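These are my notebook entries on a single structure, written down in the order in which I looked things up.

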Amino acid sequence: MRGFAIPGNLAGVKVLGIESSCDETAAAVVRDGKWILSNVISSQVAIHRPYGGVVPEIASRAHLRNVVPVIEAALQKANLRLDEIDGIAVTRGPGLVGALLVGVQAAKAIAWSRAIPLVGVNHLEGHLAAIFLHKETDAEHTVPSWPHLGLLVSGGHTLLLECKAPGEFSLLGGTRDDAAGEAFDKVAKMLGLGYPGGAVIDRLAKTGDASAVKLPRAMRRRGLDLSFSGMKTAVADHLARHGKPEGQALADLCASFQASVVEQLVRKTEAALEVSKLKQLQIGGGVAANSGLRNALTALGQARGIEVFLPAIALCADNAAMIASAGSYRLARGERADLTLNAAATLPLA
Ligand code: KG4
Ligand code: ZN
């Protein structure tokens with residue numbers, strides 16, 4: 001009998017997660033909604049790098065080539081056969097629709113042919129589920145309780161959310177234009193640092209002087225909404241006036257840009273803590289790997305007496321373990337998708 005026979009019970013259940021929303025084809029097996037048995041990621045970054053960003057058609061074709069081998073590798077690493085899997089969770093959006101479709105169709109085919117329960121997962125919900133994941137050997141791992149504040153910072157989204165229960169969110173604020181990761185990527189492109197640029201800026205910023213270049217701190221008032229397009233324009237203006245920096249000047253510009261992004265994120269997070277009265281904070285998404293943001297939020301937690309939960313760096317980027325975790329909770333609640341499950345380019349979380 002499959003492990004979801006008792007509603008609400010996650011004990012012992014093994015869920016296969018599949019993720020193909022952007023430029024990573026990923027599959028993973030997670031037990032009890034939290035223990036990573038395998039986490040396989042095939043990155044397409046090298047394929048898209050010559051174009052300076054993700055080319056949707058090329059991404060879809062690469063997912064098509066990779067999806068079956070990646071799923072097979074995830075099962076093999078978990079030392080499990082398909083008939084030992086209790087459920088399948090697949091990212092259904094938001095993302096590139098052609099890319100999403102590959103994962104959704106693969107998941108539907110396996111679920112239907114093997115009569116395995118299936119559920120669709122919002123990619124952003126997956127990023128926020130990353131905080132619950134850990135290796136079985138890591139008994140010290142602590143997780144936030146419900147409700148808590150969530151800061152989701154990825155390549156396509158920047159949201160402040162009240163996380164009420166697994167899969168249940170209410171929106172407190174968000175960016176009015178670019179996402180935080182998008183701003184990092186656009187600035188990295190202007191500086192000739194390649195794609196994706198967030199991690200490169202982060203590394204260069206470590207040896208730079210954050211007070212060297214004055215950049216705007218946008219949306220000082222305006223409630224809990226954020227904006228990053230002004231900072232990107234300010235960097236473009238700086239380059240137009242001073243030319244492309246190198247060496248120490250490049251590190252200084254990276255540090256100044258990163259500091260202004262981090263300052264805005266931290267200020268709005270602090271305001272959201274104030275308004276919501278929530279006492280715990282978790283972050284998720286690719287930009288959650290940023291060292292400046294992690295340090296600043298840790299300091300904010302200490303200053304305000306708030307517990308701050310940071311995901312492991314390796315789990316910030318796109319992966320399928322986070323999708324399997326989010327899907328486990330949905331499956332345990334009795335949620336099931338049928339063969340009408342479809343991919344959605346846009347999919348609101350709250
Ligand atoms: O969550 P993610 O892997 O994909 C989306 O769902 O969008 O996020 C990717 C984003 C990219 O914009 C990338 O530049 C950014 O995360 N990123 C970082 C860092 N590592 C990845 N941004 C700032 N600092 C980092 N260390
Ligand atoms: Zn993502």
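Predicted model: local features only at pLDDT ≥ 70, side-chain atom pairs only at ≥ 80, totals over all residues.

Valine 266 lies in helix α8. Leaving aside its neighbours within four places in sequence, I found valine 266 in contact with Leu293, Ala296, Leu297 and Leu300.

**Nonpolar cores**

I next asked which members of the largest nonpolar core touch the most other members. In this core of 45 residues they are Leu193, Phe257, Leu265 and Leu293. At least two residues of the core come from each of β6 (148-153), α5 (180-190), α6 (198-205), α7 (229-242), α8 (247-276), β9 (280-284) and α9 (291-304), and the largest share, 11 residues, is supplied by α8.

For leucine 293, again leaving aside neighbours within four places in sequence, I listed contacts with Val153, Val262, Leu265, Val266, Ile283 and Val287. Another core, of 27 residues, lies apart from the largest one and has Val29, Leu75, Ile88 and Ile116 among its members.

**Helix α6**

I then turned to α6, which is largely enclosed by the rest of the structure, because six of its eight residues are buried. The buried residues of α6 are Gly198, Val200, Ile201, Asp202, Leu204 and Ala205, and what covers them includes α5, α8 and α9.

**The zinc ion**

Which residues coordinate the zinc ion (ligand 2)? I found His123 and His127, each through NE2, and Asp318 through OD, at 2.0 to 2.1 Å. The spacing of these donor residues in sequence reads H-x3-H-x190-D. Histidine 123 lies in helix α4 (residues 123-129), whereas aspartate 318 is in the loop between β10 (307-309) and α10 (321-332), so this pair ties together parts that are 195 residues apart in sequence. I checked the accessibility of histidine 123 and aspartate 318 as well, and both are buried.

**Cysteines**

How many disulfides does a search of the whole structure find? My search of the whole structure returned zero. For cysteine 22 the closest cysteine sulfur is that of cysteine 316, and at 16 Å it is too far for a bond, given that a disulfide needs the two sulfur atoms within 2.5 Å. Cysteine 316 is likewise in no disulfide, and the cysteine sulfur nearest to it, that of cysteine 163, is 15 Å away. As to accessibility, cysteine 22 is partly exposed, with a relative accessible area of 24%, while cysteine 316 counts as buried at 1%.

**Aspartate 23**

My last entry concerns aspartate 23, in the loop between β1 (14-19) and β2 (24-31). Aspartate 23 is buried yet has no salt bridge, and the nearest side chain of opposite charge, that of arginine 49, is 8.7 Å away; a salt bridge would require the nitrogen and the carboxyl oxygen to be within 4 Å. Leaving aside its neighbours within four places in sequence, I recorded contacts of aspartate 23 with Ser42, Ser43, Gln44, Val45, His48, Val54, His63 and Tyr195.

Methods:
Residues numbered from 1 in each chain as written. Chains lettered and ligands numbered in written order. Heavy atoms only, no water. Donors = N, O, S within 2.8 Å, 3.2 Å for Na, K, Ca; no water. Helix = DSSP H or I, 4+ residues; strand = E, 2+ residues; numbered from the N terminus. Buried < 20%, exposed > 50% of the residue type's maximum accessible area, 1.4 Å probe, protein only. Core = buried A, V, L, I, M, F, W, Y, C linked by side-chain atoms within 4.5 Å. Contact = heavy atoms within 4.5 Å. Lys, Arg positive; Asp, Glu negative; His and termini not counted.
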